[in-house]
Amino acid sequence: MRVVLAEDLFLLRDGLVRLLQAHDFEIAAAVESGPELAAALAELEPDVAVVDVRLPPTHTDEGLQCALQARRRRPGLPVLVLSQHVEQLYARELLADGSGGVGYLLKDRVFDAEQFVDAVRRVAAGGTAMDPQVIQQLLARQAGDGRPLARLTPREREVLELMAQGRSNAAIAGKLVVTERAIAKHTANIFAKLGLEVSDDDNRRVLAVLAYLDHGR
């Protein structure tokens, strides 16, 4: 699996290269600026891009904008964005086209090698990987009295949070140490209470939940 990596801090970039190579990823390019990223994405057509939001020369959202432009040229290009802080706007821009193959993680997550590599693989496969802190902020914004989320049980909220992170039923069941059948029942209840259409496609289901949390009802 070929990766284009963009990170301006040398030590972090080098560490990510070594981590990904240790897990059998091929590093097609490891760059440090927005112009280099744009060129690498256009020329190398990687299987997945791992991109720092803030890159030279602007140090604003150069990395994110390069990734979004590349996805417009090549719809569905898998992109995992890394950020120092939670910014819901970044998550919203990534999810705007309604397709999968996107992820948004805080940089702290890269120190958990298993979690980071799992996120890269999930995004590369067309799935979604959203940082738990992003999901918690979205949940908090939609959790007022009278909102549909208020009707969820504590267990259903826990399942919803894990689902919104991009986890499949099997992954949620493993995390909560319950059966997949139990999770399927919880997800059916969640979708009924939120008024969402049930889907057997994990990624389509995740995107529906994220859209709901982002825009509300």
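The legends below describe close-up views of a predicted model.

**View 1. The two domains of the chain.**
The domain assignment divides the chain into domain 1, residues 2-140, and domain 2, residues 146-214. Taken over C-alpha atoms, the centres of domain 1 and domain 2 are 25 Å apart. Contact between them involves 16 residues of domain 1 and 14 residues of domain 2.

Over residues 2-122 the chain is 45% helix and 21% strand.

Helix α1 runs over residues 10-22. At 1.5 Å a residue, its 13 residues should span 18 Å, and the end C-alpha atoms are 18 Å apart, which agrees. The buried residues of α1 are L12, R13, L16, V17, L19 and L20. These residues lie on the same side of α1, because they cover an arc of only 170° around the axis. An α-helix has 3.6 residues a turn, so residues three or four places apart point the same way. On the other side of α1, the residues F10, L11, R18 and A22 are exposed. The cover over the buried residues of α1 includes the strands β1 (2-6), β2 (26-31) and β4 (79-83), together with helix α5 (113-124). After α1 comes D24, which has a positive phi, near 70°.

**View 2. Helix α2 and what it packs against.**
Helix α2 covers residues 34-44, and its buried residues are G34, L37, A40 and L41. They are on the same side of α2, because their arc around the axis is only 125°. The buried residues of α2 pack against the strands β1, β2 and β3 and against helix α3 (62-73). E45 follows α2 and has a positive phi, near 45°.

In an unreviewed UniProt entry, the annotation "modified residue: 4-aspartylphosphate" covers D52. D52 is part of strand β3, residues 48-52. Is D52 buried or exposed? Its relative accessibility is 4%, so D52 counts as buried, the cut-off being under 20%. Not counting residues up to four places away in sequence, D52 touches A6, E7, D8, G63, L64, L82 and K107. A polar atom of the D52 side chain lies 3.4 Å from the backbone nitrogen of R54.

R109 sits in the loop between β5 (102-106) and α5. With 18% relative accessibility, R109 counts as buried. The side chains of R109 and D131 are joined by a polar contact of 2.7 Å. Leaving aside neighbours within four places in sequence, R109 is in contact with Q115, F116, D131, P132 and Q133.

**View 3. Q115 in helix α5.**
Q115 belongs to helix α5 and is one of the residues in contact with R109. At 27% relative accessibility, Q115 counts as partly exposed. A140 lies 25 residues from Q115 along the chain, and their C-alpha atoms are separated by 24 Å.

Methods:
Residues numbered from 1 in each chain as written. Predicted model: local features only at pLDDT ≥ 70, side-chain atom pairs only at ≥ 80, totals over all residues. Heavy atoms only, no water. Helix = DSSP H or I, 4+ residues; strand = E, 2+ residues; numbered from the N terminus. Expected span 1.5 Å × (residues − 1). Buried < 20%, exposed > 50% of the residue type's maximum accessible area, 1.4 Å probe, protein only. Arc of directions from axis to C-beta. Contact = heavy atoms within 4.5 Å. UniProt positions renumbered as here; feature names shortened; annotations may be inferred. Polar contact = N/O pair within 3.5 Å; in protein donor to acceptor, adjacent residues only side chain to side chain. Domains from an automatic or database assignment.
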